[in-house]
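Me: Got a model I'd like to go through with you. Can you take my questions one at a time?

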Amino acid sequence: MIMERYSSYLIKEFNIDEKVISFVEEAESLLSQRFAAIDDTTAICQMKVLKAFQDNHINATHFDWSTGYGYDDAGREAVERVYASVFGTEAALVRPNIVNGTHAIAATLLGLLRPGDELIEVTGTPYDTLRTVIGKKDGDASNKRGGGSLLGPDDFKGTIRDYGIVYKEVALGDDLDIDIEAIKQAVTPKTRVVAMQRSTGYDWRPAISLESLKAVTDAVHAIDSSIIVMLDNCYGEFVGTVEPTEFGVDVMAGSLIKNPGGGLALSGGYIVGKAALIEQISYRLTCPGIGAECGLTFGQNRNVMQGLFIAPKVVNAALKGAILAGTVYDKLGFEVMPPAEANRSDIIQAIKFGSADKTVAFCQAVQSASPIDSYVSPVPWDMPGYDDQVVMAAGAFVQGSSIELSADAPLREPYIAYFQGGLTYEHSRFGIIKSLDTLVKKGLIAL
Ligand SMILES: *Cc1c(COP(=O)(O)O)cnc(C)c1O
């Protein structure tokens, strides 16, 4: 419940409309049971992370770092052991010079696939930047909700298809969940990797549940246990008490400026999985023969470890913020994804605004609620790797960090904004209040 004192503070210091505060307050009052369930999940995740630190005997020398090649960087090795423990895997690569989530996923795919192999994406068209990695334009003809064509041969620039790897895609079913029968049909003796994307990306679907991810993993391994099941786990870490690699996903990747970095990691990505796979990927990430043995950590080991340590609590805040945003905009009559009442498998809340002006105003309002660059207004721009212009609110301590309060939207029909993050629930909630207040004051919605 938002208290009287808080309400008068917001009115006085932030000039928020009183009606907006009561509207959000009412939405929040519906959520206490769900918030309590999230707190339970967080309690378990926090203990899992603590245990990983203790089991791996982390000590202060692990915060030291070296220079040059980064040989024998005990901190780097410790970080990777802790990640492997948390995600229940044999090995991990966790590096500040994995430049983002896309790089972690691309290195995984390019490290594991060989010419003639087949890659099957089984959760529909993947995230925008991954389409470029695969060599697949927006709206590939094989996507039943799309249309259009693959990149021409002249557009190949070291993409997966450029290496002679066959790419296939299985769309989600009409229920926006995985289509197990279609996946089984798609697998052939050439299939080397079956890839899944947990989070929604810039799509209109809920995140894939842990149950569905497990069902695909089991079905594929039942056909051939040597097929590698790979997961893009961006935004999924610590949303549940179990991580997908604990129930059979062979290899999984994500970004450190999302959930597992806890807002403290300055950069980086992680890849966790079976030791033999991680070794193969390490030769792609650096080069054959060097693999994981080199790579400077630039003094980031302490940030990365402390970030991981607090990540369950940060995810807790982001998850509550997403649910509140979904509930508020659902009450206002907007279509939201996942639906306000649904169980979550990521921290993203998509809101269909249906017009560019509402979408941009929403993102600008979230930016204005930020601690950093609150006085500037984001405008749509041509981001590298994306086909459409994107407007991005990221008034964050770490540039582009989307575990911090943020909102972004590709400027295309039907104008969907993606809201996520908040290092604290209080901040995420204020972002929602501010967005509503802005839309009301601009006359774009009425309460
Ligand atoms: C964020 C994200 C990625 C990776 O994006 P980067 O900006 O490169 O870190 C990949 N897949 C999904 C579903 C994502 O949400």
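The chat below goes through the core, some helices and the salt bridges.

Me: What kind of model is this, and which cut-offs apply?
Reply: This is a predicted model: local features need pLDDT of at least 70, side-chain atom pairs count only at pLDDT 80 or more, and totals for chains, interfaces and linings use all residues. Residues are numbered from 1 along each chain as its sequence is written, and side-chain values use heavy atoms, with hydrogens and water left out.

Me: How many residues has the largest nonpolar core?
Reply: It has 132 residues. Tyr83, Leu119, Tyr329 and Phe362 have the most contacts inside it. A nonpolar core here is a set of buried Ala, Val, Leu, Ile, Met, Phe, Trp, Tyr and Cys residues joined through side-chain atoms within 4.5 Å. Buried means under 20% relative accessible area, exposed over 50%, partly exposed in between (1.4 Å probe, protein chains only).

Me: Which helix gives the most to this core?
Reply: Helix α10, residues 301-331, with 14 residues. Helices (H or I, at least four residues) and strands (E, at least two) are DSSP runs, numbered from the N terminus.

Me: What does Leu119 touch?
Reply: Its partners include Leu109, Ile134, Ile160, Tyr167, Lys168 and Val193, not counting residues up to four places away in sequence. Contact means heavy atoms within 4.5 Å.

Me: Back to α10. Is Thr327 buried or exposed?
Reply: Threonine 327 is buried, at 7% relative accessible area. It lies in α10. Beyond its neighbours within four places in sequence, threonine 327 contacts Ala27, Leu30, Leu31 and Ala340.

Me: Now α3. What should its span be, and what are its end C-alpha atoms apart?
Reply: Its 24 residues, 32-55, should span 34 Å at 1.5 Å a residue. The end C-alpha atoms are 35 Å apart, which agrees. The expected span is 1.5 Å times one less than the number of residues.

Me: What covers the buried residues of α3?
Reply: The cover includes α4 (74-86), α10 and α12 (425-441). Among the buried residues of α3 are Phe35, Ile38, Cys45, Val49 and Phe53.

Me: What follows α3?
Reply: Histidine 57, with a positive phi near 50°.

Me: Switching to charges. How many salt bridges does the structure hold?
Reply: It holds 17. A salt bridge is a side-chain nitrogen of Lys or Arg within 4 Å of a carboxyl oxygen of Asp or Glu.

Me: Which residue does lysine 331 meet in a salt bridge?
Reply: Glutamate 26, at 3.4 Å, N to O. The pair links distant parts of the chain, 305 residues apart: lysine 331 is in α10 and glutamate 26 in α2, residues 18-29. Lysine 331 is partly exposed at 33% relative accessible area, and glutamate 26 is partly exposed at 48%.

Me: And lysine 320, which residue does that one meet?
Reply: Aspartate 39, at 2.7 Å, N to O. Lysine 320 lies in α10 and aspartate 39 in α3, so the pair ties together parts 281 residues apart in sequence. Lysine 320 counts as buried, at 11% relative accessibility. Aspartate 39 counts as partly exposed, at 34%.

Me: What about lysine 184 and glutamate 181: how are they separated?
Reply: By about one helical turn, being three residues apart in helix α7, residues 180-186.

Me: Which residues are linked in a network of salt bridges?
Reply: Asp128, Arg131, Asp388 and Arg412.
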